[in-house]
Amino acid sequence: MTSDTMTLTGIVATTPRHLVTSSGLAITSFRLASGQRRFVRKRNAWVDADPNWYTVSSFRQLAHNVVASVRKGQHVVVTGRLRVRDWENADRNGTSVELEADAIGHDLTWCTTAYVRSAPAAAPAPRPAMEQEDPELDASEQGGSEQGGSDQGAAEQAEPGSFAPRGAPSLATLDS
């Protein structure tokens, strides 16, 4: 089965709505207005075309990050799978155009942002006792590093309410 993947840019038109289902699935959705401008030579001016409206839905960790980061009125870039569905209720019918998001971010043409790594949605499972027998492995996983110590200073410098992971690999480690 194929899916239509597309990337949209637009303005967040509604406050993102966040919910967690009874089974624990996080969902955040909002409406996106994606408009186009075109140049009209007769008027010698740029004019706004009618916007296309999409419902953007995000799930799991992306849903948590969206509700913490995205606000109504902000310009965003969204990549995901397009879903077009016909609907009807007692007195009306219509078509909904939805984008099931794989990635959402601020459109840096319009703003700047500060990257803050998010906390994982669930804690990792405990390791079996056999893996903990190597003291060298334990020291490196507890934040020690031969390339400059731990990243605990980064956690202490983070803004209040933000998450900076302790013991995360440094950029030097990630680049090697």
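## Helix α1

The buried residues of α1 are L62, A63 and V66, where buried means under 20% relative accessible area, exposed over 50% and partly exposed in between, with a 1.4 Å probe and protein chains only. An α-helix has 3.6 residues a turn, so residues three or four places apart point the same way. On the other side of α1, R60 and A68 are exposed.

The cover over the buried residues of α1 includes β2 (17-20), β3 (26-34), β6 (52-59) and β8. Contact here means heavy atoms within 4.5 Å.

## Basis of the model

This is a predicted model, in which local features need pLDDT of at least 70 and side-chain atom pairs count only at pLDDT 80 or more, while totals for chains, interfaces and linings use all residues. Residues are numbered from 1 along each chain as its sequence is written, and side-chain values use heavy atoms, with hydrogens and water left out.

## The chain as a whole

The chain has 4 helices and 8 strands, and from the N terminus its elements follow the order β-β-β-β-β-β-α-β-β-α-α-α. Helices (H or I, at least four residues) and strands (E, at least two) are DSSP runs, numbered from the N terminus. Of the 176 residues, 21% count as buried.

## The largest pocket

The largest pocket has a volume of about 600 Å³. A pocket is an open set of points on a 1 Å grid over the protein atoms alone, where a 1.4 Å probe fits, with protein on both sides within 12 Å along at least five of seven lines; lining residues have an atom within 4 Å of a point. The volume is the space filled by probe spheres set on the points, which are joined across faces, edges and corners.

Of the 16 lining residues, N65, S69, H106, A114 and V116 are the closest to the centre of the pocket. Helix α1 (60-69) and strand β8 (93-106) each supply at least two lining residues, and α1 gives the most, with 6 residues.

## Residue H75

H75 lies in strand β7 (residues 75-88). Its side chain makes a polar contact with the side chain of W110 (3.4 Å). A polar contact is a pair of N or O atoms within 3.5 Å; within protein, one must be able to donate a hydrogen and the other to accept it, and residues adjacent in sequence count only if both atoms are side-chain atoms.
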